[in-house]
Amino acid sequence: MLGECLVRVRQKAPLIHCINNYVTANDVANLLLACGARPAMADDPAETAEITAISAGFCLNLGTLDSRKVPGMLESGKTANRLGIPAVLDPVGAGSSRLRTQTAHSLLESVRFAAIRGNISEIRTIAFGNGHTQGVDAAAADVSDKLDAAILSAKEQAKKLGTILAITGTVDLVTDGQRCFVIRNGRPEMSRITGTGCQLSALTAAFLAANPESPLQAAAAAVCTMGLAGELAAKRMKPEDGNIACRGYLIDAVYNMTGEMLEKGANFEIR
Amino acid sequence: MLGECLVRVRQKAPLIHCINNYVTANDVANLLLACGARPAMADDPAETAEITAISAGFCLNLGTLDSRKVPGMLESGKTANRLGIPAVLDPVGAGSSRLRTQTAHSLLESVRFAAIRGNISEIRTIAFGNGHTQGVDAAAADVSDKLDAAILSAKEQAKKLGTILAITGTVDLVTDGQRCFVIRNGRPEMSRITGTGCQLSALTAAFLAANPESPLQAAAAAVCTMGLAGELAAKRMKPEDGNIACRGYLIDAVYNMTGEMLEKGANFEIR
Amino acid sequence: MLGECLVRVRQKAPLIHCINNYVTANDVANLLLACGARPAMADDPAETAEITAISAGFCLNLGTLDSRKVPGMLESGKTANRLGIPAVLDPVGAGSSRLRTQTAHSLLESVRFAAIRGNISEIRTIAFGNGHTQGVDAAAADVSDKLDAAILSAKEQAKKLGTILAITGTVDLVTDGQRCFVIRNGRPEMSRITGTGCQLSALTAAFLAANPESPLQAAAAAVCTMGLAGELAAKRMKPEDGNIACRGYLIDAVYNMTGEMLEKGANFEIR
């Protein structure tokens, strides 16, 4: 089931337009190439909507946010909506500054996102305005250790926002408000690599673009792909390896992942 | 012959000013260091011409184009021309938006480029305005499988643009309008790595800067260096390796390449 | 002594706000994660002071300087000063353009830096206005081979600037004007990797943030950590490896470095 979602990405090779922060843009582009998609990076308001229009998916990332580029973000989002191109939002650092929080809110007012991916603190900020974001890490106060309550809350937030939510952390939750994939792939080493979240958001856009019939499944498949790649990467690590080796192993694991591998390695339940 | 071009880059260690997109800037800087050159990255119109003026070569890349920075691009190009510093243009994504296409054209009106490197679609767009660019990949419709016609067309375009053209694809063509190097180095894996084109453009600027007497040969040597490095990288790949490993092997192959290795490994004919 | 400084970084996991150039931002973020700190990257004047305010350290890097972002740099610097957050300046390329030199000077007029890290040419430019910077490499004319004179001069410059200076080169000098750590860690291979200087500046901010009681020692520990990591990286290099492999080994060596390793490997004298 999830394996087929990956196979379709490789078959369709969707062009994914990313407005991405400059910290992780290279890794995001290489991760998209690794999964079989093709990246297009453009963020000037003078061209961004045109680039969205020729793409199959759109991923909007708020890291290193430049206020001058917000009008182009809105234009691209509206263009994606008009043309039926799935748009993904990664609200990096929402809650850590007024600019980020307000930009996230104004995007949500004007653009319908097929999926939003963030940590629990970022998602709470955009859903309820009460997250406690510090930098790009989920603040400890926001991490719920009660799974049932977390699932219920995720579903509520997805309904409220009218989108698929992918809330990533120790356990990942992917929900459209009705069903919730509870995903236990991934490794703690991934939090020591910059940009694994950004990469996953772009990957989600690629999976949504290639699997328009089953968006919830597609988003869950993207999350499982990233988590499984993290597991394979951690297994390859030698004693002298650190986060840079792990970063490379992770993207290379996506490069070599087959639908069958994903099918077998995906570790989830549906609630 | 081509090997000496590389040796001269290592001897002269030219400072290469790059106005580069933020996606591949790190790889470009490391590739320049790998070949023995030194990178300088600056794109603010308030300083860009000054940085060009202290450099031995200039490379202008249109990826993640920022319209606010176009005046600085023009200033740098004119400064390079005035001081006899070779300027290379990489028209990333020309044809995919009006901003990119118009910027490429306005640069061509004001600046004399020693070389332009792009895929066939980008080159056709700037030569004839009729390419079909989608993202940064050559659109299939533009790929000619008839080599003789492709060579003839490349020569015509080089004459029309008054520059050396390096048109990279399955087979690479490097021509000044009179002679054409037909180069068969390189590996398909390179198209799965973001930024190999950007790296080659900067490498071309380094080779031109260090070999002012023989620009066509210098540009061909840069293309062969990159392609040969791709071959060496592909040979090092282990089953678990993917595009990130290949990216590292490629730059490291340039780091370790000698003039002799290039001389032996360069696979070309002159037409 | 120095080992404890590293241990405290890992214990406190300080959030480090970086205004960093886009060439090396990814490496800087991963290096901060490798040492146990957490990166926050934001440079828009509309949010930069807010991000500084929630951070434990601040690192300001002038590479790929964007004049539009200078007001935010000043705001962040003043905010850091007001809240007692250590601020580090990396005057990349000071002396190579009026914009860089003037920006460095206007920052020094308004902001008190806990430490400034640069090569001898950059430091002389900001201290005396008479450096000879070419690109980001120390111009040969500025390299003193007379150690005693270099130490004396470094101390004078530190006093003049009222800060800790970390002047990195073949031998590294770290001084507060009274005492000077003369550090002989490091390897020549590091100069073939883009961004090792930027990484060290951010690392210095992390060490200062975690060791407020002993800033000179903290800055010296950061310089020794980076140099020792370079030595460990060079030892791991295989014949086919180049600067990309070395870059990864270096960050991974920081990831795996213990306080004990640093204590044993730090190679310095105090003058």
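Student: How many bridges join β4(C) to strand β5 (residues 115-118) of chain C?

Tutor: This is a predicted model: local features need pLDDT of at least 70, side-chain atom pairs count only at pLDDT 80 or more, and totals for chains, interfaces and linings use all residues. Residues are numbered from 1 along each chain as its sequence is written, and chains are lettered from A and ligands numbered from 1 in the order in which they are written. Strands (E, at least two residues) and helices (H or I, at least four) are DSSP runs, numbered from the N terminus, and two strands pair if DSSP finds at least two bridges between them. β4(C) and β5(C) run parallel, and the number of bridges joining them is two.

Student: Through which helix does the chain cross from β4(C) to β5(C)?

Tutor: This β-α-β crossover is right-handed: with the strands pointing away from the viewer, the path from the first strand over the helix to the second runs clockwise. The helix spans residues 98-110 of chain C and is α5.

Student: Which residue of β4(C) is the bridge partner of Cys59(C)?

Tutor: Strand β3 (residues 57-61) of chain C runs parallel to β4(C), with four bridges joining them. In β4(C), the partner of Cys59(C) is Val88(C).

Student: What rotation superposes chain A on chain C?

Tutor: The copies are fitted by least squares on C-alpha atoms of residues with pLDDT of at least 70 in both. The shift along the axis is 0.0 Å and the RMSD 0.0 Å. The two copies are thus related as by a three-fold rotation axis. The rotation is 120°.
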